[in-house]
Amino acid sequence: MARAVLHGIPVSSGIAIGKAFFINRRPRSRRHDLVPLDQVEAEAARLEAAVEAVAAEFVEARAAMPEVLQGQLDILDSHLLMCRDPKLRNETLRRIREGRMNAEWALEESLEQIALAFARLNVPYIRDRIEDVRVVAGRIGRHLSGPPDKSRLESGRGVLLAHDLTPADALGLSLDRISAFATEMGGKTTHTGILARNLRIPAVVGVGGLEEEAVEGDLLIVDGLSGRILVSPSEAELEEYIGRQRRFADFQKSTADNASLPAETEDGLRVSVLANIEGVDEVKSMQDLGGEGVGLVRTEFYYITRSEMPREDDLFEEYARMVQAAAPYRVTFRTLDVGADKIFSERVRLEEPNPALGLRAIRYCLRHQDVFRRQLRAILRAGALGKAAIMFPLISGVSELRQARSVLNEARQELDASGIPFDPDIPVGIMIELPAAVLTADALAKEVDFFSIGTNDLIQYSLGVDRGNRHVSYLHQPLHPAVVRAVKHVVDMAHKAGIKVAVCGEMAGDPYCLPILLGMPVDELSVAPANMPGIKHLVRRSNAEECRELLRQALAAPTVHSINNAVRHAVYNRFPEETAFFASQLDGDR
Ligand code: PEP
Ligand code: MG
């Protein structure tokens with residue numbers, strides 16, 4: 001028997017077996033000591049050494065950055081610059097020398113002072129750097145309080161354990177040596193999962209007791225399918241999981257071999273399977289893994305991985321590369337969705353008491369129309385080189401949609417007046433993520449070319465469950481009657497108006513939700529590229545009539561529990577083995 005079996009939320013599929021190494025442990029309360037006068041210089045030297053070590057870590061991480069994340073090197077460069085910036089270092093040294101504070105304390109104080117000064121400047125891009133200073137200071141602080149994290153990864157690959165993992169933290173690591181992630185914090189749709197899926201490694205988040213139960217160097221099994229983590233497994237468990245690992249690899253290979261076959265049920269219902277991506281690098285995976293286009297570009301990643309707001313030409317270049325690489329398929333650009341759980345948000349969060357209900361997504365863009373227009377112009381221009389579509393996130397109703405469209409019209413007119421080529425007929429759609437959009441779907445459908453249902457947020461806002469909070473993640477239930485009815489209503493309203501409807505939240509890649517979505521039926525499923533072959537395989541093994549009957553039952557069912565049971569039964573009968581190879585959100589019917 002394993003020494004401990006921990007449970008979390010699986011966010012990236014696969015099974016990894018490896019040694020544990022920690023970064024970003026839960027912040028310990030730091031020592032606040034006065035340093036004796038004769039030790040002040042030694043304390044200053046301790047700080048200098050930590051700063052140098054962190055800078056060296058960034059340089060090394062840069063060199064080791066795997067190709068899949070090459071597009072995100074800029075953030076490392078800005079962290080390196082910040083690490084070498086004299087401000088943080090000199091301020092901290094001054095406090096050590098003049099205030100006789102120990103290095104940890106002095107660093108904390110300097111950070112707070114710099115953060116406050118930045119915040120007061122009230123210049124958005126300077127304010128936004130606060131988070132970067134925190135990341136760098138956090139790293140220096142950790143170096144001061146213990147041996148560097150990296151030394152533990154000296155040989156082979158390991159399982160990275162952390163209290164929390166921001167993309168910036170992950171970028172500072174040798175990602176090619178990480179075989180899996182597990183974090184104590186986080187929920188189903190946090191971006192740790194997206195990062196792991198990009199890297200095609202298993203990940204489990206929201207793991208209670210991780211930092212207490214697992215010890216540096218422990219052998220771990222991370223099951224990114226069930227969300228289980230076995231600490232110091234027995235021989236028998238190891239053997240069992242090695243077998244599972246092999247079966248999973250076989251399944252992946254067989255579905256990848258058939259990835260180019262269409263997603264059509266045995267009785268002839270055809271759906272399109274598209275990719276959710278963050279950057280141009282993933283377009284190739286979309287093509288290789290049988291994708292029929294890009295259903296969602298999370299465009300905010302390009303912004304948050306840069307230290308300065310991108311210029312229109314930078315955006316245009318990036319988007320043009322995507323559109324050209326995806327040909328003959330379409331690329332659907334979701335306009336900037338920052339705020340709330342998006343990384344940018346941590347910068348916004350400084351000012352917002354309730355960011356999920358705050359200035360995020362389309363609200364941010366309508367407030368900062370210069371930023372919005374610049375992005376719209378770039379998308380419109382890229383549209384002239386292939387097939388592009390625009391999608392507005394978090395739309396709450398027709399008025400907001402019209403405001404967004406009027407900025408789009410201005411962008412069009414500007415390009416027209418300047419004689420710059422663009423796609424005048426670019427399709428315009430919206431994400432359905434708010435109950436308000438569900439209830440006004442009939443009116444919204446008359447004013448757009450397509451809908452895409454963002455179930456991650458739709459569940460969050462319909463059920464009042466913070467998508468990133470593990471304490472309530474058991475309530476994040478994709479097959480709650482309210483969610484099933486909401487999605488069905490949106491599909492009906494779209495079809496009545498003669499427009500297509502996609503699902504691009506995690507539900508689209510969940511084998512247990514698939515029969516419900518096919519029963520409606522949605523027109524497109526947009527999932528992580530790595531999930532596309534598996535989902536296409538499941539569609540081919542499905543029967544649309546059976547799905548319609550299951551949906552009828554679900555629409556009449558009073559509880560999530562009864563829907564989950566009915567779906568589990570149906571799925572078990574249809575594809576009993578395959579479900580073991582997918583992560584599912586159906587853990588919330590307790
Ligand atoms: C969603 O909300 O379902 C979605 C696809 O968008 P994101 O996860 O980026 O908020
Ligand atoms: Mg969303």
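Leaving aside its neighbours within four places in sequence, which residues is Glu400 in contact with?

Author: The model is predicted, and the values below are computed from it. Apart from its neighbours within four places in sequence, Glu400 is in contact with Ile362, Arg363, Leu366, Leu394 and Ile395. Glu400 itself belongs to helix 17, which runs over residues 398-418. Glu400 is buried, and it has no salt bridge. The nearest side chain of opposite charge is that of Arg363, 4.5 Å away. A salt bridge requires a side-chain nitrogen of Lys or Arg within 4 Å of a carboxyl oxygen of Asp or Glu, so the cut-off is 4 Å.

Leu394 sits in the loop that joins strand 13 (387-392) to helix 17. With a relative accessible area of 0%, Leu394 is buried. Ser232 also has a positive phi without being glycine, in this case near 50°. Ser232 is placed in the loop between strand 8 (228-231) and helix 10. Ser232 counts as partly exposed, at 25% relative accessibility.

Side chains of opposite charge can pair when their charged atoms come close. Arg377 and Glu312 meet through their side chains in a salt bridge, at 2.6 Å from N to O. This pair links distant parts of the chain, with Arg377 in helix 16 (residues 369-383) and Glu312 in helix 13, 65 residues apart. Both Arg377 and Glu312 are buried. Arg377 also forms a salt bridge with Glu414, where the closest N and O atoms are 2.8 Å apart. Glu414 lies in helix 17 and Arg377 in helix 16, so this pair ties together parts that are 37 residues apart in sequence. Glu414 is partly exposed, with a relative accessible area of 29%, whereas Arg377 is buried at 15%. Through salt bridges that share partners, Glu312, Asp313, Arg373, Arg377, Arg381, Glu410 and Glu414 are joined into one network. The structure holds 35 salt bridges.

A further salt bridge lies within one helix. Lys284 pairs with Asp288, and their closest N and O atoms are 2.7 Å apart. Both residues are in helix 11, 4 residues apart, which is about one turn of the helix. An α-helix has 3.6 residues a turn, so residues three or four places apart point the same way. Lys284 is exposed, with a relative accessible area of 55%, and Asp288 is partly exposed at 49%.

Helix 11 is also one of the elements that the buried residues of helix 23 pack against. Helix 23 is mostly covered, since 8 of its 9 residues are buried. These are Met532, Pro533, Gly534, Ile535, Lys536, His537, Leu538 and Val539. Besides helix 11 (281-288), they pack against helix 10, strand 9 (263-264), strand 10 (270-277), helix 22 and strand 17.

The contact with helix 10 can be set out in detail. The axes of helix 10 (residues 235-257) and helix 23 (residues 532-540) come within 8 Å of each other and cross at roughly 75°. The two helices are therefore roughly perpendicular. On the helix 10 side the residues are Phe251, Thr255 and Ala256; on the helix 23 side they are Pro533, Gly534 and His537. By class, this contact has 3 nonpolar, 3 polar and no charged residues.

Two loops contain cis peptide bonds. The bond from Met520 to Pro521 is cis, with omega near -15°, and Pro521 is in the loop between helix 22 (514-519) and strand 17 (524-527). The bond from Ala327 to Pro328 is cis as well, with omega near 10°. Pro328 is in the loop between helix 13 (312-326) and strand 12 (330-334).

As for the chain as a whole, its secondary structure comes to 25 helices and 17 strands. Buried residues make up 59% of the 590 residues. Among contacts between residues at least 6 apart in sequence, 72% join residues at least 24 apart.

Technical notes:
Residues are numbered from 1 along each chain as its sequence is written. Chains are lettered from A and ligands numbered from 1 in the order in which they are written. This is a predicted model: local features need pLDDT of at least 70, side-chain atom pairs count only at pLDDT 80 or more; totals for chains, interfaces and linings use all residues. Side-chain values use heavy atoms; hydrogens and water are left out. Axes are lines fitted to C-alpha atoms, for helices over the stretch in contact, and angles run from 0 to 180 degrees between N-to-C directions. Angles under 35 degrees count as roughly parallel, over 145 as roughly antiparallel, 65 to 115 as roughly perpendicular and the rest as oblique. Contact means heavy atoms within 4.5 Å. Ala, Val, Leu, Ile, Met, Phe, Trp, Tyr, Cys and Pro count as nonpolar, Asp, Glu, Lys and Arg as charged, and the others, Gly among them, as polar. Buried means under 20% relative accessible area, exposed over 50%, partly exposed in between (1.4 Å probe, protein chains only). Lys and Arg count as positive and Asp and Glu as negative; His and the chain ends are not counted.
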